[in-house]
Amino acid sequence: MRTSRRRRTSGRYRSALVTTVGLVTALAMPAAAVPAIAAAPAAPDVEDPAQYVNPFTGTQVGGPDFGHGGGAGNTFPGAVAPFGMMQWSPDTAEYQHGGYQYEDDRIRGFSLTHISGAGCGDFGNIPFLPVLGDAPVADYAFSHENESASPGAYDVTFDNGLRTELTATQRAGIAKFTYPEGQTASLSVDAAKAFNDASGSVTVEGNSISGYTDGGGFCGGSNKYRIYFHAEFDEDFTGSGVVRDGKVDPSSKEITGSAEGTAPANDGRPAPQDDGAQAFVSFDPGADRTVTARVGMSFVSLDGAKANAAEELGERGIGEVRDGTRAAWNEMLGRIDVGGGEEQDRRRLYTGLYHSLLHPNVFSDVNGEYTGFDGNVHTAEPGHAQYANYSGWDVYRSQMQLVSLIAPDIASDIAQSAVNQSVQGGYFDRWTVANGGTGVMTGDPLPIMIASAHAFGATDFDTAAALERMVAGASNADERPVHDKYGELGYIPADDEESWGSVSTTLEYTSADFAVAQFAQRIGESGTHDEFQRRAQNWKNLFNPGNGWIQPREADGAWPAFAPEQQDGYVEGNAAQYTWMVPFNHRELFDQMGGDEQVTGRLDEFFAELNGGPDKANAYLGNEPSANTPWAYAYAGQPHKTQDVVRRALTDLFSAEPNGLVGNDDLGQMSSWAVWASLGMYPEAPGRAELVLASPLFSSISIDRGNGKTININAPDASRDTKYVQGLAVNGAPSGKAWLSEQFVNEGGTLDYTLGAEPNAEWGSAPEDAPPSFGAPGQ
């Protein structure tokens, strides 16, 4: 068992790997100076994969609002580096949780921080807004014809001719404002404006604006954070001051204030008109009518913000920074290289991969310092970074596994960062923002994230400390509410009022127990494995043999009245959707349901509608609880039906258009599902690395795991219509198994598919070819 973290070495360039050193160095290089991958076996099929990314995907409503954060992806289109601390993006006057509502035609500012795809609001801190005239304005009109976005860059020209160009590195960014002739060129910066209530302070000095903001309140929670920023301009101020009572006070250069948030999720209030902590400056932009702002940010200190900008931006101009960030994106996106497929398929794949690599975010400064969950300043190990913003309930299902598949060193730092959060804060929180927990959602997802990363080869973190924190957290009321009843009864009773969704929470705990067991076994702790593996079978305590459903149960063992469509006892879903959520032991679940034939019929009915929402006894693939279900057919000897449902869901529910997500993207979780579906494989069991197979959408796929290992997939007949597997060879040997072993995933290899337009009910149908299930110890 490794108890200390080793220093990693790699023979390939790691331009987009967000360690404290690696990405900063890469983003500080012009594109032409970015080193090539050593000993590349062949030219990639896709040159410049960034060209296929549409950052606007998810900013427009794409599906019904089922009451779980709206029917849009809630993404943002602005400038950001892979896993970047800064997300410099426009905020429309009409609020959406990502900050940008595609159907709105007015922008009220360009704030430095955003969360991609959440069902609640936070961040949106410190908006910059270029202004024509000598007084602040609320917003300006624009049209999409005069707007563009690509990985690392955003550009818009307002209807009044005022242009804003943005680009970002890991912890800093550059804005270039171009002002039309004959107009006073001004700018406002507000340190107390955010999506939630905020306060802050701003100071104007020389040709710079500095300050900090205090924000928080994700989903109405108590999380708090402080962000420092420093902006330097290439033109001196011809006028400057702060805003008081709606007017610029040129006699004052410093102001501290507060403002109500703009997120209507709190109480429906409209955008406020208060001053906040707003600086207002004017320029003489010269003959070219441009002003450039160079901005650094930090969650530690003002000096940290300045150092981050100095290190990452250097003396480079906006074009060099933009090209460097695009190169970093291409290095990461290029880890999955595809041949064939239609353009819309490539756009969906790379847009999904882009959104999957936005979070978690680097949280430590270039010197390694970060503010911990205990409020103290800590320092990450040299060459490593601390990460933040863990949408645990969502991303434990497949986003963390995708990051681990193509960048295990980043995943190792993400895992270590989660351990640090638990050590400093006392427990693993379910949904973390910056350096605080929010308590949002249910279950115990961070141990699953850590265990899954480790299974996929992201092992460079303190595994002993991780297991210690996992075991301690299982009996911590902050981490696992009602853990005592869960331990005593083997389930959470229906009348419990301390947890959210007695069935959902029980099932989430069993998945976490299973992941802890697998992690313990990998690092040689067999006793812990056996204990948690037994606990993982607690799902059986809520399986009602009288009706074949997993349903609420009273503390005395009685079964209350029940309907498959009921939401009482379930979180963002219903009984029909949650009954399948035993992803690590489908075999025993299916046996209790009556066997494969009975299960297949139920699944067929379930997938009669792909995104029925919580009121129907059908799939709800616009939300997480149904994510694993399409792959369940493979366990029942019907992998051809998995191939059908996965392909239909991929092409019907996902696209690279602004309305291309039918529900919240949840920090990349839903996008990661689309990536896995495009590859034709999925990490079904939490804490393990087997991949259940569907069929690849592309004729060739090369997955560079970032550690010298490669997975190559050949499917020459692949197309939208040829989705059925007729045969498969694994490393040259014929295989009827509808899954890949952990050994194959971690060592790499080659898959050769024969695909056809008609289902082959024989391939993968033998019981011995089903993916593995995991029962109690010894089973």
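User: Buried means under 20% relative accessible area, exposed over 50%, partly exposed in between (1.4 Å probe, protein chains only). The model is predicted: local features need pLDDT of at least 70, side-chain atom pairs count only at pLDDT 80 or more, and totals for chains, interfaces and linings use all residues. Residues are numbered from 1 along each chain as its sequence is written, and side-chain values use heavy atoms, leaving out hydrogens and water. Which residues of strand β15 point to the buried face?

Analyst: In a regular strand the side chains alternate between the two faces of the sheet. Strand β15 spans residues 254-259; strands are DSSP E runs of at least two residues, and helices are H or I runs of at least four, numbered from the N terminus.

User: How far apart are the closest N and O atoms of R335 and E331?

Analyst: The two form a salt bridge, meaning a Lys or Arg side-chain nitrogen within 4 Å of an Asp or Glu carboxyl oxygen. R335 is buried at 1% relative accessible area, and E331 is buried at 10%. Their closest N and O atoms are separated by 3.1 Å.

User: How many residues apart in sequence are the parts that K723 and D644 tie together?

Analyst: K723 and D644 form a salt bridge at 2.6 Å. K723 lies in the loop between β31 and β32 and D644 in helix α16, so the pair links parts whose separation in sequence, in residues, is 79.
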